[in-house]
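My notes follow in the order in which I made them.

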Amino acid sequence: MLYCVQFEEERTMKRLLYLLIGLLAAVAAAAQTGSPPHMTIIVGGPPGTPGDIVARVLSDPLGKELGQPIVVENRPGAAGSIALGAVRRATADGNTLGVFALQSTVAAHTVKSLPYDTARDLAPVRQISTVANVLVVRSEGTAVEFADLLRRDPQSRLAYASGGTGTPSHLAAELFAQHVKTQIRHVPFNGPIAALTALAGGHVDAMFATAPASLPLIKGGKLRPLAVTSPQRLPTLPDVPTLVELGYADASLVDWHGLVAPAGTPPERIEQISTAIGKVLADESVRQRLQSAGVQPVGASGPPAFRSFVDDETRRWTEVLRRGGISLQ
């Protein structure tokens, strides 16, 4: 009788063991065939800004190329440093990326207590796009006449708006003022939309606004474009001359955007993402969507090239800030 009881217990234990093995196998199979983890692209500006446009245009085709869904998350504020600080703290597995832009190169000089160190905490992935700024005003005249007016106004009665200290609209105006050897009063606002609203309302005199933000007001007749800061004219504003054409080549500025990952992300994962972005940017429909918004896609790029580009831009714009005595530190 004792033997029968022990035998029955052994059979029960074996059944439980087989059941457990089966459950573990089912869980493993489900994990292998389940949905891949999503990728998050963190943008340091509000919806509708150039970095946000770039991330949202790329998200769907890039997600399909990588085989995983992509979520765009906006964390505006502090010249994009809030967003990049979140990237620094993320797991270094390539599933969290951040938009790194021109203003990010000078954030160390314009933001107190920067929550990251670019060289130490962020890994470059790829440059994606460039964005021109447009000198816009409410009054009549040309860019040359505007420069002459600045020179004749040593008391700096004229004022220009920007989306904040260290933003492209600020840097472009500062560079232009340095080039024409004059000064113009800076009135920073909390973002480009507020700045453009102030300009359209007559509270300031000019702004070097990004093309995507200013195009609706230009087309609506609220603002007049005098010049674009890119080396070539914009397809969306073919009749507006460049600063180069007007003799202000040294005052040209091109905003730009790229992606970075947390430091420590495996190089092969970064290369995978960079290659996938290159394929997406080669698609004509993607290029047209970007260009219609005033954003120009960048061709060949990659992690080493993007790092070198960022280093060069950092040196250039840090010098512009130094000459202008601009710093919050």
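**Second largest pocket.** I sorted its lining by class and got 13 nonpolar, five polar and three charged residues. For the classes, I counted Ala, Val, Leu, Ile, Met, Phe, Trp, Tyr, Cys and Pro as nonpolar, Asp, Glu, Lys and Arg as charged, and the others, Gly among them, as polar. The lining has 21 residues, and T118, A119, V310, D311 and T314 lie nearest the centre. A pocket here is an open set of points on a 1 Å grid over the protein atoms alone where a 1.4 Å probe fits, with protein on both sides within 12 Å along at least five of seven lines; lining residues have an atom within 4 Å of a point. I read a volume of about 300 Å³, that is, the space filled by probe spheres set on the points, which are joined across faces, edges and corners. Helix α12 (303-324) gives the most to this lining, five residues.

**Ground rules.** This is a predicted model, so I kept in mind that local features need pLDDT of at least 70 and side-chain atom pairs pLDDT 80 or more, while totals for chains, interfaces and linings use all residues. Numbering runs from 1 along each chain as its sequence is written, and side-chain values use heavy atoms, with hydrogens and water left out.

**Largest pocket.** Its volume is about 680 Å³. I found 37 lining residues, with G44, G45, Q103, G163 and T167 nearest the centre. The elements giving two or more residues are α2 (50-66), α3 (81-89), β3 (96-101), α7 (168-179), β7 and β9 (254-262). Strand β7 has the largest share, four residues. By class, I noted 18 nonpolar, 18 polar and one charged.

**Whole protein.** I counted 12 helices and 10 strands. These are DSSP runs numbered from the N terminus: helices are H or I with at least four residues, strands E with at least two. Of the 329 residues, 48% are buried. Buried means under 20% relative accessible area, exposed over 50%, and partly exposed in between (1.4 Å probe, protein chains only).

**Helix α8.** Which residues of α8 (192-200) are buried? I found A195, L196, A198 and L199. They sit on the same side of α8 because they cover an arc of only 155° around the axis. That arc is taken from the directions from the helix axis to the C-beta atoms. I193 and T197, on the other side, are exposed. The buried set packs against β4 (122-137), β5 (159-162), β7 (206-210) and α9 (211-219). Contact means heavy atoms within 4.5 Å. Just past the helix, G202 has a positive phi of about 85°.

**Helix α6.** In α6 (143-151), I listed A143, F146, A147 and L150 as buried. Seen down the axis, they fall within an arc of 100°, so they line one face of the helix. They pack against β4, α7, β7 and β8 (224-228).

**Q68.** I placed Q68 in the loop between α2 and β2 (70-74). Is Q68 buried or exposed? Q68 is buried, at a relative accessible area of 7%. Its side chain makes a polar contact with the side chain of N95 at 3.1 Å. A polar contact is a pair of N or O atoms within 3.5 Å; within protein, one must be able to donate a hydrogen and the other to accept it, and residues adjacent in sequence count only if both atoms are side-chain atoms. Leaving out residues up to four places away in sequence, Q68 touches P36, P37, H38, M39, G63, N95 and R269.
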